[in-house]
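Look at the sequence and the structure before reading on.

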Amino acid sequence: MQIFLDIATEAALAAGVVLQDYLGKLEDAITEKGRPGDLVTAADKASEQVILEVLRRHFPQHSILAEESGKLGNQDNEFLWAIDPLDGTTNYAHQYPCFAVSIGLMIQGVPKVGVIYDPFRDELFRAAAGLGATRNRRPIQVSQTAELSKSLLVSGFAYDRRETPDNNYAEFCHLTHLTQGVRRDGAAALDLAYVACGRVDGYWERGIAPWDVAAGIILVQEAGGNVTAYDGTPIKIESGRILATNGYLHDSLSQELMKVPRLASWT
């Protein structure tokens, strides 16, 4: 696990250098993938190539799932690297300082290693099964907030929010009234990292991909938190839904999420 963690760190730091170099210099190198607001930039692609080079050099037999390149390598291999070379592309394109590199390793479908690097703040979040979680090499842990009324949460809205009534707006409003606040930062990897280090007490979202959360899941777990499906059952990454908390709030937040009607049913 330590070797996997160190190599993932090498790749994330190298990708962070690429993102810093491109920041504010994209000009017309920004396009949409087909859905409004789902952006890709030259920085996404360059960052991903750096990560792929590092992983292929060290683990040529491992499979890869990358946001821009899709499935690569032997997909039957038990080791799968889930890569988001630039989580928070829209933020990055606007030079809004909330974006990160996210690299997670799943073994037989279970997240076991995660590295999330925020090059703007130079914050490196790392975790591996049995090795704990750290921020800039120092141990971190989740918060101890035990009441929703005293909590700060974070969430997000998927790119298909204009097209589906299952768009998280109702949940966002509902929980805003029950907590001290709900933030929307636009980078799922950092949302999970912030749960892990206690900056926020819980996070939920729908419409996310494995590369968005693979690294963050193990980070939260190793920091003492809990990660499940909305209803508290074991998470299925392919479902696109995630609930992550400090553990103390998990049951109450799950219960509130499950009883919120979809926005389309509101009058």
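A residue is buried when its relative accessible area is under 20%, exposed when over 50%, and partly exposed in between (1.4 Å probe, protein chains only). Phe79 has 18% relative accessibility, so Phe79 counts as buried. This is a predicted model, in which local features need pLDDT of at least 70, side-chain atom pairs count only at pLDDT 80 or more, and totals for chains, interfaces and linings use all residues. Residues are numbered from 1 along each chain as its sequence is written, and side-chain values use heavy atoms, with hydrogens and water left out.

**Aromatic pairs**

Rings of Phe, Tyr and Trp (its six-membered ring) pair if their centres lie within 6.5 Å; planes under 30 degrees apart are stacked, over 60 edge-to-face, and the rest tilted. The structure holds nine such pairs. Two of them are set out here.

| Pair | Centre to centre | Angle between planes | Type |
|---|---|---|---|
| Phe4 and Phe79 | 5.6 Å | 55° | tilted |
| Phe99 and Phe120 | 6.4 Å | 70° | edge-to-face |

Helices (H or I, at least four residues) and strands (E, at least two) are DSSP runs, numbered from the N terminus. Phe4 lies in helix α1 and Phe79 in strand β5, so their pair ties together parts 75 residues apart in sequence. Phe4 is buried too, at 15%. Ring pairs also link Phe4, Phe59, Phe79 and Trp81 into a cluster.

Now the second pair. Phe99 sits in the loop between α3 and β6, and Phe120 in the loop between β7 and β8, 21 residues apart. Is Phe99 buried or exposed? Phe99 counts as buried, at 1% relative accessibility. Phe120 is partly exposed, at 45%.

**The sheet**

Strands of a sheet pair through backbone hydrogen bonds, either parallel or antiparallel. Two strands count as paired if DSSP finds at least two bridges between them. Here five strands form an open sheet with mixed pairing, in the order β12-β11-β13-β15-β14. β12 and β14 stand at the edges with a single partner strand each, so one side of each has no neighbour in the sheet. β11 and β12 pair in the parallel sense over four bridges. Leu153 stands opposite Val182 in β12.

Contact means heavy atoms within 4.5 Å. Helix α6 (residues 210-222) touches β14 and β15. Helix α7 (residues 250-259) touches β11, β13, β14 and β15.

Key: Axes fitted to C-alpha atoms, helices over the stretch in contact; angles between N-to-C directions.
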